[in-house]
Amino acid sequence: TACSSKYVLSALHPMWQGPLVAPGGNRQSPIDIRVRKSVFDPHLKPLTPDYDPGTCSQIWNNGYSFLVEYDDTTDKSILKGGPLEDNFRLCQFHFHWGESNAWGSEHTVDRRLFPAELHMVHWNSNKYSRFEEAVMEENGLAVIGVFLKIGKRHEGLQKLVDALPAVRHKDSVVEFTRFDPACLLPANIDDYWTYAGSLTTPPLTEAVTWIIMKQHIEVSHDQLAVFRSLLFTSAEEEVQKSMVNNFRVQQPLRGRTVRSSFT
Ligand code: SG5
Ligand code: ZN
């Protein structure tokens, strides 16, 4: 799909988080959401995702996370509403998680860490014609973030969990079709925080309107254990490394306002 080009792969390694690599922009992500400092915006509309499970195409272990990729050559799976003026096309979703259930999310809420965080990545198809173009622009991307908590088994997620052993190693890809991304959203998508930020992996561009769901979803410990059985390393490498702690460190707010859709 359009956003699965491999040109940034060499940079996708946990070590890139070092101070030499991170740019000193003014709207970097992730951040801590301070609930009492967020500002209710009554003009924020309900979010209206409209996804076609038929656009789901494959799962790819890119050596940093696993990406469930969607065909984004047409406007079949789109996100609009909420803080967004334009239509944004779904190109992939992925997760960030920890080695234990005590941490793993990129964003935090009043410093609370979650064991994992889902990111659904969309690009502005009204203004741009390809993901690679949108990724360089201020209003190019919209990412929905959903926190994962340990609880009961998530039935929708299980189909994906079952497919993960096939992409255990870096650079492995398997066909994966008809997965409805909407099944991973919480029941209440009307309550969210939104702020202007960046990608949390290279190229770290300040292109993202973040939409962070207030309500989390529940997954079982066993389901997250399968995420942790994936590897950062390729089949050829001698020393195998578990794919865990694939989150970026938190970034300063630098005067930004986090808006909320709810009181
Ligand atoms: C961009 O950012 C990257 C993704 C990366 C997310 O969407 O895409 C590109 O730069 C492609 C040109 O990386 C890839 O798709 C690999 C080429 O996703 C990941 O690396 C998985 C963690 C990260 O976006 S995020 O800010 O939502 N975390
Ligand atoms: Zn992410």
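This is a predicted model: local features need pLDDT of at least 70, side-chain atom pairs count only at pLDDT 80 or more; totals for chains, interfaces and linings use all residues.
Student: OK. How do the residues lining the largest pocket divide by class?

Tutor: Five are charged, four are polar and four are nonpolar.

Student: Which residues lie nearest its centre?

Tutor: Ile31, Asp32, Arg34, Lys37 and Leu253, out of 13 lining residues. The space in the largest pocket is about 200 Å³.

Student: And how much space lies in the second largest pocket?

Tutor: About 170 Å³. It is lined by 13 residues, with Pro83, Thr194, Ala196, Thr209 and Arg259 closest to the centre. Its lining has four charged, four polar and five nonpolar residues.

Student: Which strand gives the largest share of that lining?

Tutor: Strand E12, residues 192-197, with three residues.

Student: Switching to the metal. What are the protein donors of the zinc ion, ligand 2?

Tutor: His94 through NE2, His96 through NE2 and His119 through ND1. They lie 2.0 Å from the zinc ion. Along the chain, the donor spacing is H-x1-H-x22-H.

Student: What geometry does the site have?

Tutor: Tetrahedral, with angles of 98 to 114° among four donor atoms. For reference, the ideal angle for four tetrahedral donors is 109.5 degrees.

Student: Is His94 buried or exposed?

Tutor: Buried, because its relative accessibility is 11% and the cut-off is under 20%.

Student: What about the relative accessible area of His96?

Tutor: That is 0%, so His96 counts as buried too.

Methods:
Residues are numbered from 1 along each chain as its sequence is written. Chains are lettered from A and ligands numbered from 1 in the order in which they are written. Side-chain values use heavy atoms; hydrogens and water are left out. On a 1 Å grid over the protein atoms alone, a cavity is a set of points where a 1.4 Å probe fits but cannot get out, and a pocket is an open set with protein on both sides within 12 Å along at least five of seven lines; lining residues have an atom within 4 Å of a point. Grid points are joined across faces, edges and corners, and a volume is the space filled by probe spheres set on the points. Ala, Val, Leu, Ile, Met, Phe, Trp, Tyr, Cys and Pro count as nonpolar, Asp, Glu, Lys and Arg as charged, and the others, Gly among them, as polar. Helices (H or I, at least four residues) and strands (E, at least two) are DSSP runs, numbered from the N terminus. Donors are N, O and S atoms within 2.8 Å of the metal (3.2 Å for Na, K and Ca); water is not among the atoms, so sites may look incomplete. Four donors count as tetrahedral if all angles lie between 85 and 135 degrees; four count as square planar and six as octahedral if opposite donors are over 155 degrees apart and all others between 65 and 115; anything else is irregular. Buried means under 20% relative accessible area, exposed over 50%, partly exposed in between (1.4 Å probe, protein chains only).
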